[in-house]
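Trainee: I'm new to this one and would like a close look at a single part. Could you walk me through it?

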Amino acid sequence: MLHHYTLWHALVGGILIGLASLLATALSGKIPGISGVFGRLLVPATPDKAWRSVFLFGLIGGAALSFALWQSAALFRPMRPLLIMAIAGLLVGFGTRLGGGCTSGHGVCGVGMGAKDSIAATLIFMATAMLTVFIYNRVVL
Amino acid sequence: MRAGKLVLLFLAGGLFGMGLTVSGMTDPARVIGFLDIFGAWDPALLFVMAGAVGIYGMGMLILRRFAGVKLSSAAASPIDRQLVIGATIFGVGWGLGGFCPGPALANLGALQIEALLFVPTMAIGMLLAQRFFGADRE
């Protein structure tokens, strides 16, 4: 049952992400967007590195655990050559820090609280991501 | 921060990582399938968003009203040029690779070569934004 992906997996996974974000917000007093949690770890002057590291180690550990437990969670189908992945990483890192958030900080937390800037950011990055896939699939592939 | 709180934050991170993997966000083909609205569109990630946004939104209403939880950055930032340009660039990167920051980190847990490459270049991109644009908004 758990080995075949269904829309229930999507919904339950989303609920887990929401609960985890809620718990992290209550404990840290910060919006736990992954790009912000990770990006601030790279700044020497960040005063609250302990909870950020612990949260991200937990994230990697939790992922490793469910990769081991469930085939559907471990499904990994790479789509792009490694050079494209490296460029994508640069753009994702730069864009999320300049724009103040990623899919979790803006897309889940900000949108969940009805913050106008997060709603705007989410609409923009969804639109440019869809446009990028459209162009990549027609021009490159 | 007290040790007990840090343990709970580790568990919150674990829950987050499980949510990312169970939901299919760590599979680039599923993410790119969701973004491919002009092709063979896969709507699954809409359910991930609905679950996450719904739970977080409801939960925050309750926490703020009844538990008095306050955020250090409660006021929304303005919709300015940095936000628009940043979100645009992030979207291009997300569409190119099929990774956003959470799933990229989560895939370190499987030592996927894509993640081992993507996470360091993502860190470089973050440092560049922070160094040259002082990008430090919440």
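Trainee: Which residue just after α1(B) takes a positive phi?

Mentor: That's B:Gly24, with a positive phi of about 90°. Before we go on, this is a predicted model, where local features need pLDDT of at least 70, side-chain atom pairs count only at pLDDT 80 or more, and totals for chains, interfaces and linings use all residues. Residues are numbered from 1 along each chain as its sequence is written, chains are lettered from A and ligands numbered from 1 in the order in which they are written, and side-chain values use heavy atoms, with hydrogens and water left out.

Now the helix itself (a DSSP run of H or I, at least four residues, numbered from the N terminus). In chain B, α1 covers residues 3-22, 20 residues in all, and reaches 29 Å from its first C-alpha to its last, close to the 28 Å expected at 1.5 Å a residue. That expected span is 1.5 Å times one less than the number of residues.

As for the two chains, their contact (heavy atoms within 4.5 Å) takes 102 residues from chain A and 99 residues from chain B. There's 1 salt bridge between them, a side-chain nitrogen of Lys or Arg within 4 Å of a carboxyl oxygen of Asp or Glu. It joins A:Arg77 and B:Asp27 at 2.5 Å, N to O.

Terms used: Helices (H or I, at least four residues) and strands (E, at least two) are DSSP runs, numbered from the N terminus.
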